[in-house]
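Please open the structure in the viewer and keep the selection panel at hand.

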Amino acid sequence: MRSQLKKEVVDNMKHLGVYRDDFEHTIDIYVGMLAQYQAFEKQFEKSGFKITDSYTNKAGATNERKTPIYTAMEALRKDLATYSNLLCLNPKTYERVKRPEVPVRKEEKEKPKSKLIQALSETS
């Protein structure tokens, strides 16, 4: 399931022109959260889309509170939105970033060798 989700995410990013190998770690985290969200959706559906349940606290008062699944789904929605922004997978961020070319990384200049290394290389 995760491999299929990852393929879809990468394909979407390539289609939008925002995919880079450097994003693999971020993509993996995003895909993991998508898989979790889908699993929670199934459990939430099985519960009859139950949003709250009764809870009795230490004092004996009974209150309604959000179910743990619904609370987890809310948190995941926020995280998924953040990561979809990072990966430019939503219209808002894509429009801001839309560039025809990906910038090329600058090559690092070789640092000058120390006098000790120069002396040792001359003797060998």
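Begin with the charged side chains: the chain has 23 positive and 18 negative ones, and the centres of the two sets lie 4 Å apart. Here Lys and Arg count as positive and Asp and Glu as negative, while His and the chain ends are not counted. Each charge is placed at NZ of Lys, CZ of Arg, CG of Asp or CD of Glu.

The model is predicted, so that local features need pLDDT of at least 70 and side-chain atom pairs count only at pLDDT 80 or more, whereas totals for chains, interfaces and linings use all residues. Residues are numbered from 1 along each chain as its sequence is written, and side-chain values use heavy atoms, with hydrogens and water left out.

**The whole chain**

Display the chain as a cartoon: five helices and two strands make up its secondary structure. Helices (H or I, at least four residues) and strands (E, at least two) are DSSP runs, numbered from the N terminus. In sequence order the pattern reads α-α-β-β-α-α-α. The chain is more spread out than a compact globule, because its radius of gyration is 25 Å, well over the 14 Å that the globule rule gives for 124 residues. That radius is taken over C-alpha atoms, and the rule is 2.2 Å times the number of residues to the power 0.38. Along its principal axes, the C-alpha trace spans about 85 × 40 × 30 Å.

Of the 124 residues, 22% count as buried, where buried means under 20% relative accessible area, exposed over 50%, and partly exposed in between (1.4 Å probe, protein chains only).

**The nonpolar core**

Select V9, M13, I27, Y30, L34 and L80, the residues with the most contacts inside the largest nonpolar core, which has 21 residues. Such a core is a set of buried Ala, Val, Leu, Ile, Met, Phe, Trp, Tyr and Cys residues joined through side-chain atoms within 4.5 Å. Helix 1 (2–16), helix 2 and helix 3 (68–86) each supply at least two of its residues, and helix 2 gives the most, with eight.

Which residues does L80 touch, leaving aside its neighbours within four places in sequence? L80 is in contact (heavy atoms within 4.5 Å) with Y30, M33, L34 and Y37.

**Along helix 2 and beyond**

Select K42, in helix 2 (residues 24–46). K42 counts as exposed because its relative accessibility is 54%. Its C-alpha atom is separated by 25 Å from that of D11, 31 residues away along the chain.

Move to F49, in the loop between helix 2 and strand 1 (52–56). Phi of F49 is near 60 degrees, a positive value in a residue other than glycine.

Apart from neighbours within four places in sequence, T56 is in contact with A61 and T62. The C-alpha atoms of T56 and A35, 21 residues apart along the chain, are separated by 32 Å.

Finish at C88, in the loop between helix 3 and helix 4 (91–97). C88 counts as buried, at 10% relative accessibility, and its phi is near 60 degrees, a positive value in a residue other than glycine.
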